[in-house]
Amino acid sequence: MDATDTIVALSSGSLPAGIAVLRISGPAALAVVARHVAKLPEPRRAVLRTIRNVDGGIVDRGLVILFPGPDSVTGEDLVELHLHGGKAVVAACLEALTMHRGVRLADAGEFTRRAFVNGRMDLTEAEGLADLLAAETELQRKLAVAQTGGTMRRACEGWMRRLTHMRAMLEADFDFSDEDDVADDVAADVSREIVTLREELEAALANARRGEILRDGFKVAIVGAPNAGKSSLVNCLAERDVAIVSDIPGTTRDRIEVTLDLGGLAIRLIDTAGLRETADPIESLGIERAMDAARHADLVLHLCPVGETADLLDVGMEGPPTWIVTTKADRSRGDLPGLAISTVSGAGIDRLVEQVRRQASEAAGNPDGSIPTRSRHRDAIGMAIGYLDECDVRTLPPEVVAELLRMASDALGRIVGKRGVEDLLDVIFSQFCIGK
């Protein structure tokens, strides 16, 4: 990936479409486009132009908009071509543009990566943009918009400023301790501030799981014996045939996931293989995956048909809450206690959905964009807390405490991309689509 190249890609999604938007960004963007239109328009004005290939043949007529750097989305010269959204039109235009030396097709996420490198956005804003593109529910959209607005960045920068101030106080204390304007008890002030900051970081860490639930979805594992009605429930909730339903035991061999939108929350239903003793190696693998899904779920629904007993030991879990759900309630002649449903009559389904929604809503809470939403955020905050735990201002030399505070600040700097994130960039930006 050469940052000196000029890159080009379709940025408007799959074809065919009413309009196709091509982006060209890099040092040669303006010069290259000038080779294919009669006259470049003024910056930031959409002007109709005829786009030609290198032989002078007409490719299409469309709008041309120039965004000279550094005031562009990538921080470098950028041009947008708004063309007719036919596959042949886009292919011909891309071919014409990439025939020039130093011009190539963009890699996944390369436009956003250049925006980060050129200081147009920090790493949390870039991740928020990726989340915004992937958002399926209203709450996911709101959280992503807050992230792209820099709320997490501002929180991190505030923490880092306070750490810098503490370091400055300590360094002033041991460099200018004979001056009258240096605080008499700097150690006590710094010690109190460390405790306060640590509490804030702990609170942010405690909210991290809420942010992940909003971003990734509330995972509900549906487990039980074969023919307990797991696939029927998934199909009923999804309102379509996602899983195969059969009276033959062991039909579901692998986990099947479907996402529901309940009040803006993404609920990820996971249909799993029936739990039973089996000599079939394929079915055994499916059961192992069912157990794994249950262990890592936020909620487990253990389905048990009317007249049978659910043995929770079969699930082998301690972590997430587990609800016993009686299925095939239409076969019962009387009222059933607890959660009882029938996918045939629909009885109890609405009640089950509402209780799942409440559980998910309580787990997610109402976090804003200043909370960690990814595991790397959690790791960085946890690392900073670890360094603060080592800061015994009363017993350690002030220069040692100052160094620990610097290390805590550097750990937080990894969240926004200000410290040591080179090893993460390929992973983060590869999650974007081509053209973004």
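**Exercise 1. Where is Arg-44 found, between which helix and which strand?**

Solution. This is a predicted model, in which local features need pLDDT of at least 70, side-chain atom pairs count only at pLDDT 80 or more, and totals for chains, interfaces and linings use all residues. Residues are numbered from 1 along each chain as its sequence is written, and side-chain values use heavy atoms, with hydrogens and water left out.

Step 1. Helices are DSSP runs of H or I with at least four residues, strands are runs of E with at least two, and both are numbered from the N terminus.
Step 2. Arg-44 sits in the loop between α1 (29-34) and β3 (47-52).
Step 3. Check the backbone. Phi of Arg-44 is near 65 degrees, a positive value in a residue other than glycine. Most residues other than glycine have a negative phi, and most peptide bonds are trans.
Step 4. Check the cover. The scale is relative accessible area: buried is under 20%, exposed is over 50%, and partly exposed is in between (1.4 Å probe, protein chains only). Arg-44 has 45%, so it is partly exposed.

**Exercise 2. Locate two cis peptide bonds and place their prolines.**

Solution. Step 1. Leu-15 and Pro-16 are joined by a cis peptide bond, with omega about 0 degrees. Pro-16 belongs to the loop between β1 and β2 (17-25).
Step 1. Gly-69 and Pro-70 are also joined by a cis bond, with omega about 5 degrees. Pro-70 belongs to the loop between β4 (58-67) and β5 (78-85).

**Exercise 3. Summarise the chain as a whole.**

Solution. Step 1. Count elements: 14 helices and 12 strands.
Step 1. Count cover: 46% of the 436 residues are buried.
Step 2. Take the surface. Accessible area (Shrake-Rupley method, 1.4 Å probe; for residues, only the protein chains shown count as cover) comes to about 21,300 Å² for the chain, and 50% of it belongs to carbon and sulfur atoms.
Step 3. Take the contacts (heavy atoms within 4.5 Å). Among those with a separation of 6 or more, 61% link residues 24 or more positions apart.

**Exercise 4. Which residues touch the most other members of the largest nonpolar core?**

Solution. Step 1. Define the set. A nonpolar core is a set of buried Ala, Val, Leu, Ile, Met, Phe, Trp, Tyr and Cys residues joined through side-chain atoms within 4.5 Å.
Step 1. The core has 31 residues, and Trp-159, Leu-201, Ile-381, Leu-405 and Leu-412 touch the most other members.
Step 2. At least two residues come from each of α6 (151-175), α7 (186-206), α12 (375-389) and α13 (398-416). The most come from α13, which gives nine.
Step 3. Look for another core. One of 29 residues lies apart from it, including Leu-214, Leu-237, Ala-238 and Val-258.
Step 4. In soluble globular proteins, nonpolar side chains tend to be buried together.
Step 5. Beyond four places in sequence, the contacts of Ile-381 include Met-152, Trp-159, Leu-201 and Leu-412.

**Exercise 5. Which side chain makes a polar contact with the side chain of Asp-271?**

Solution. Step 1. Asp-271 lies in strand β9 (residues 265-271).
Step 1. Apply the salt-bridge test: a side-chain nitrogen of Lys or Arg within 4 Å of a carboxyl oxygen of Asp or Glu. For charge, Lys and Arg count as positive, Asp and Glu as negative; His and the chain ends are not counted.
Step 2. Asp-271 is buried yet has no salt bridge. The nearest side chain of opposite charge is Lys-230, 5.6 Å away.
Step 3. Apply the polar-contact test: N or O atoms within 3.5 Å; within protein, one must be able to donate a hydrogen and the other to accept it, and residues adjacent in sequence count only if both atoms are side-chain atoms.
Step 4. The partner is the side chain of Ser-231, at 2.7 Å.

**Exercise 6. Why is Thr-6 classed as buried?**

Solution. Step 1. Thr-6 lies in strand β1 (residues 6-10).
Step 1. Its relative accessible area is 1%, so it is buried.
Step 2. Its side chain reaches the backbone nitrogen of Ala-28 at 2.9 Å.
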